[in-house]
Amino acid sequence: MIVVITPEELVQNETEIINALFEEGLDLLHIRKPFINSKENKDFIQNIHSEFHHQLVLHSHYDLAENFNISRFHFREIDRRNDLFKSFTDKTISTSVHDIETFNELSEDWEYAFISPVFPSISKKGYGENSNILYEIKKRNNSNVKLIALGGIHENNISEVFNSRVDGVALLGAIWESNEPLDIFKKCRKSVLS
């Protein structure tokens with residue numbers, strides 16, 4: 001599984017790129033736009049082809065889900081700890097963790113969890129430089145929740161990630177910091193499929 005996470009800020013031609021990513025086989029898109037309001041988020045989603053709406057995951061403005069046939073919701077670590085997901089357990093929910101011990105304790109309410117940072121981040125300079133998560137993944141013992149690697153993953157190291165015990169990867173900086181996001185996605189996908 002390959003997931004793409006949107007950049008926090010709006011990017012020129014972003015929804016056109018997103019539609020093209022879906023046409024190239026993108027599995028899921030996480031809409032993570034903490035600085036936009038509900039109307040801006042609604043406009044953003046309206047520019048994504050409706051046939052892909054069931055592959056969208058909301059990080060905020062959960063009330064928009066009904067309008068768009070969206071049944072996937074992501075909860076940050078702090079929101080998970082504060083049980084903000086409890087009224088969504090009949091939906092498909094995901095979360096984030098930063099160590100394998102926390103991942104191993106997740107209940108089967110969660111479809112998957114991002115674990116990060118696997119490598120030094122592309123989009124957040126200096127973040128994850130001393131990470132040993134790829135090694136830590138060997139201690140995974142929770143098979144009820146899928147594990148999605150995040151952080152510094154690009155076309156040259158994605159195969160290494162899939163060779164560890166993960167069920168998928170999430171791309172952010174590799175896509176959005178590139179002048180050729182579609183090309184990068186195709187290269188990553190090709191690496192995974194080969």
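**Pockets, core and aromatic cluster**

The lining of the second largest pocket divides into 4 nonpolar, 1 polar and 5 charged residues. This pocket belongs to a predicted model, and its volume comes to about 180 Å³. The residues that line the second largest pocket are P7, E8, E9, V11, R32, S123, K124, L172, W176 and E177.

F35 sits in the loop between strand 2 and helix 2, and, with neighbours up to four places away in sequence set aside, F35 touches E8, E9 and E40. Although F35 and E8 are 27 residues apart along the chain, their C-alpha atoms are separated by 7.1 Å. The relative accessibility of F35 is 56%, and because the limit for an exposed residue is over 50%, F35 counts as exposed.

The largest pocket holds about 630 Å³ of space. Its lining is made up of 31 residues, and those nearest its centre are R32, H59, S96, K124 and L150; helix 4, strand 8 (168-171) and helix 8 are the elements that give two or more residues to this lining. Sorted by class, the lining of the largest pocket has 13 nonpolar, 11 polar and 7 charged residues.

In soluble globular proteins, nonpolar side chains tend to be buried together. Here the largest nonpolar core has 61 residues, and V4, L29, I48 and L171 are those with the most contacts inside it. Strand 6 (residues 110-115) supplies the largest share of this core, namely 5 residues. For L171, once its neighbours within four places in sequence are left aside, the contacts are I2, V3, V4, I5, I153, F185 and C188.

Helix 1 (residues 14-23) is mostly covered, with 7 of its 10 residues buried. These buried residues are E14, T15, I17, I18, N19, L21 and F22, and they pack against strand 1 (2-5), strand 2 (28-31), helix 2 (38-46), strand 3 (56-58), helix 8 (173-176) and helix 9 (181-193). After helix 1 comes G25, whose phi is positive, near 105°.

Aromatic rings supply a further set of contacts. A pair of aromatic rings is described by the distance of the centres and the angle of the planes. In this model the count comes to 10 aromatic pairs. One of them joins F75 and F85, whose ring centres are 6.4 Å apart and whose planes stand at 65°, so that the pair is edge-to-face. Since F75 lies in strand 4 (residues 72-75) and F85 in the loop between helix 4 (77-81) and strand 5 (92-97), the pair ties together parts that are 10 residues apart in sequence.

Are these two phenylalanines buried or exposed? F75 has a relative accessibility of 1% and therefore counts as buried, while F85, with a relative accessible area of 4%, is buried too. Both values fall under the 20% limit for a buried residue. F75 and F85 also belong to one aromatic cluster, which is formed by Y62, F73, F75, F85, F88 and W110.

Technical notes: Residues are numbered from 1 along each chain as its sequence is written. This is a predicted model: local features need pLDDT of at least 70, side-chain atom pairs count only at pLDDT 80 or more; totals for chains, interfaces and linings use all residues. Side-chain values use heavy atoms; hydrogens and water are left out. A nonpolar core is a set of buried Ala, Val, Leu, Ile, Met, Phe, Trp, Tyr and Cys residues joined through side-chain atoms within 4.5 Å. Buried means under 20% relative accessible area, exposed over 50%, partly exposed in between (1.4 Å probe, protein chains only). Helices (H or I, at least four residues) and strands (E, at least two) are DSSP runs, numbered from the N terminus. Contact means heavy atoms within 4.5 Å. Rings of Phe, Tyr and Trp (its six-membered ring) pair if their centres lie within 6.5 Å; planes under 30 degrees apart count as stacked, over 60 as edge-to-face and the rest as tilted. On a 1 Å grid over the protein atoms alone, a cavity is a set of points where a 1.4 Å probe fits but cannot get out, and a pocket is an open set with protein on both sides within 12 Å along at least five of seven lines; lining residues have an atom within 4 Å of a point. Grid points are joined across faces, edges and corners, and a volume is the space filled by probe spheres set on the points. Ala, Val, Leu, Ile, Met, Phe, Trp, Tyr, Cys and Pro count as nonpolar, Asp, Glu, Lys and Arg as charged, and the others, Gly among them, as polar.
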